[in-house]
Number of protein chains: 2
Amino acid sequence: MTPAENAQLALLLEVAGTPKPGNVDRERDLPDLRFEHFLAGAVGAGAGLRAAEAGAPVGEAFERAVEGMSQQEGDNTQFGSLLLLVPLVRAASEGELTPERASAVVESTTVADAADFYRAFEHVDVLVDDPPEDVPDLDVRRGADAVPAVEERGVTLYDVMAVSADEDGVAREWTGRFARTFDAAERLGKLTGPTSDRAAQVFLELLAEEPDTLVATAHDRETAERVRERARATLDGQEDPTALADELVERGVNPGTTADVVAAGLFVALERGEVSV
Amino acid sequence: MTPAENAQLALLLEVAGTPKPGNVDRERDLPDLRFEHFLAGAVGAGAGLRAAEAGAPVGEAFERAVEGMSQQEGDNTQFGSLLLLVPLVRAASEGELTPERASAVVESTTVADAADFYRAFEHVDVLVDDPPEDVPDLDVRRGADAVPAVEERGVTLYDVMAVSADEDGVAREWTGRFARTFDAAERLGKLTGPTSDRAAQVFLELLAEEPDTLVATAHDRETAERVRERARATLDGQEDPTALADELVERGVNPGTTADVVAAGLFVALERGEVSV
């Protein structure tokens, strides 16, 4: 499989994993966000992923992937996953996929990449934190309207990620050598059984280690920390994963950032031959 | 979505539908053929489907789709579905998707298309009937070895399908104006709810109407007829669909041809806007 194909497959294997407490999986739909929206999102993202594989700039390939992903009625399905996958696909197309090569790709992003990243917000509603108080004109929710400010300030896409790294686990992968992504890949490779089952297990492990930043944004830090503790209890056999999954779905608590990292980890594991399907 | 994307999505929606008695679905794996093999098959088929969309000959696009599909460890996942989807994608790329246009595409296939079809058997193990006694040299199981005989006899891909139309429900779609495919699309459009749920319902309806030809080939006509009767009983509320699904999976009775027609019907319904995701 090519890097773009492995990225599409990673998106599908991620959502197929079950139970994945709080998120859509092959046995759980949310009221307006269903399993099949993720299938369509993965299909639609293909052209953007192939653009990344062919060497298109990260921002341009990302915007195209998000535009394609959004051709379904569930709105935002895989925005965060694609923000990790696009530079990883680009890195994989250039040689062996390593943290060094992935870091080199994101560190070399430009102001034009940042502008395309802002344009990507035109295609979907993405839940994000408020921007730092000193840079209100860089609020990503402004979409393309923020592009003049991005250009005037000369911020690259890497700079944008660095600003949110404290609050956003996806941005933290960009600025932190994709540490959790590569760690997830290694864990996936060490487990046995169907790949989507391994993905569900690694999801739970990552969730038990760090509070999910999407839960912190959508609810608050305390909720995110409480979810982390319960994921830990589940791993320790003190809670039933299926019951926790049902309860979090019911309460609308969706650890989406952790799922994004698992999708990226699946991609790395497929590329490096640590898992196969 | 483009025709190639809708075809990929149709493959994914088909396998996601549950319960689909006897086949892999999102809640049932077979011992060596798992849900994730179908996800990988759909991803891998993409390049061949895009070739069909771009106007490549049907045989060439089909062989490429099958080669891509077979890049997973479950062997044959969607051979029959692709044999329906490739000409339908080609037809959809030329204008409004109608039985007339689809028939025109298959009727204009050539000897070269037939040769590529035989070559496609090199990539996967496909369960097929014995060829008619008077044409043993055209046995598809010979793969590329049969190509000289195909060329010498001057048989087109449509001719090959016409020979097996009695025994094979996929070939019958080729020679019968894709009647069940377009009927399935119409049924899908009339139902309500998530598209993959509709697919499971239409699968059961088609299975209740005609014996599945793959079951007849793998077992015998009596088994296929008995499965048809039980699907009918399930629709009539006299059998539980989940129990029937589990039993058929347990016995290794897989109505794969009916699933192929549902996948093709999903594609037609997506293209014609009869369903949306």
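Me: Which residues are buried in helix α15 of chain B?

Reply: This is a predicted model, in which local features need pLDDT of at least 70, side-chain atom pairs count only at pLDDT 80 or more, and totals for chains, interfaces and linings use all residues. Residues are numbered from 1 along each chain as its sequence is written, while chains are lettered from A and ligands numbered from 1 in the order in which they are written. In α15(B), residues 241-251, the buried residues are L244(B), A245(B), L248(B) and V249(B). A residue is buried if 20 or more other C-beta atoms, placed from the backbone, lie within 10 Å of its own, exposed if 12 or fewer, and partly exposed in between. Helices are DSSP runs (H or I, at least four residues), numbered from the N terminus.

Me: What makes the buried residues of α15(B) line one face?

Reply: Their directions from the helix axis to the C-beta atoms define the arc. Seen down the axis, these residues fall within 130 degrees, so they line one face of α15(B). The face turned away carries the exposed residues A243(B), E250(B) and R251(B).

Me: Against which helix do the buried residues of α15(B) pack?

Reply: They pack against α14 (221-235) of chain B; contact requires C-beta atoms, placed from the backbone, within 7 Å.

Me: Why is α5(A) called largely enclosed by the rest of the structure?

Reply: Of its 16 residues, 14 are buried, so the description applies to α5(A). After this helix comes G95(A), with a positive phi near 155 degrees.

Technical notes
Helices (H or I, at least four residues) and strands (E, at least two) are DSSP runs, numbered from the N terminus. Two residues are in contact if their C-beta atoms, placed from the backbone, lie within 7 Å.
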